[in-house]
Amino acid sequence: MRTRPAPAAPTGATPQATSAPAGSEPGGGRLAGVATMVGSGLSNQTGAAIGSLAFPVLGPVGVVAVRQYVAALVLIAVGRPRLRSFTWAQWWPVLLLALVFGTMNLSLYSAVERVGLGLAVTLEFLGPLTIALASSRRRVDVGCAVIAAAGVVTLMRPQPSTDYLGMALGLLAAACWASYILLNRTVGRRVPGAQGAAAAAGISAVMFLPIGIVVAVQHPPTAGAVACAIAAGVLSSAVPYLADLFTLRHVPPRAFGLFMSVNPVLAALVGMIGLGQGLGGPEWAGIGAIVAANALSIVTSRS
């Protein structure tokens, strides 16, 4: 579940690293980078699963509010934004990024509550996949788009138990992630370092502050629920963000993007093992088609 404000990287397009190119890293560095990617992906999806355990007490809104606070604390400590020096040309994409960031997490967690972790994350993944395929003119990417579309049709096929609202929330999260990627590019060009992402995370946390207060008053939180929400923030925001900073120094961008495409599968496995959210054959086929479309696009890319 890609729900932290880390550098978005569809089909392997990653932010510039300040260290030596990944190709010059020794074998030990690459191995460490791969191990970090695996740990980051599992941490991300495990955090989402733990956060969903607090839904009966806090609801998705309360869990997301706590996650926003944790993400803000981590990013502000890392990015140290100098807000007074921002111009309007820098402020407006940061403000939009904050709005999109909060909406993305809220819609995703609401989808997780209704359709399960695996399906929700798979639908959200359509956001960066759509941007990657739409910006390409290669025939192979047209085929990838067809494969991904077939996967979506399989996942959203009409059934008596189909939760269309949950599916719609997953697609809203996908649209938000696509917007997040485009806004991140703008913020990255206009604001130095991680200051833009840090400022956006902080503003998003402030936006969720009154929401968190209302949730706490209407649904008094238990210690266990708060602990689950905080754990979700640490495991799905802090750990993956810091892990990405390390990984991008040791692993080629294409390999990073390829591993990112496996996250829907990790989410489905964590949901099945940790939450008992089993999936049928058609659902696994749909997830596999979407993952395969992204992987094929990355593997055949020249960049």
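These legends describe close-up views of a predicted model.

View 1. Helix α3 gives the most to the patch, with five residues. This helix covers residues 88-115.

View 2. Leu95 sits in helix α3. Its relative accessibility is 37%, so Leu95 counts as partly exposed. The partly exposed class lies between the buried limit of under 20% and the exposed limit of over 50%.

**View 3. Gln90 is a buried residue of helix α3.** Gln90 has a relative accessible area of 13%. Buried means under 20%, so Gln90 falls in that class. Which residues does Gln90 contact, leaving aside its neighbours within four places in sequence? They are Ser85, Arg190, Val191 and Pro192.

**View 4. Cys176 and Cys228 are both buried.** Cys176 has a relative accessibility of 7%, so Cys176 counts as buried. For Cys228 the value is 18%, and Cys228 counts as buried too. How many disulfides does the model have? The count comes to zero. A disulfide would need a pair of cysteine sulfur atoms within 2.5 Å.

Definitions and conventions: Residues numbered from 1 in each chain as written. Predicted model: local features only at pLDDT ≥ 70, side-chain atom pairs only at ≥ 80, totals over all residues. Heavy atoms only, no water. Helix = DSSP H or I, 4+ residues; strand = E, 2+ residues; numbered from the N terminus. Buried < 20%, exposed > 50% of the residue type's maximum accessible area, 1.4 Å probe, protein only. Contact = heavy atoms within 4.5 Å.
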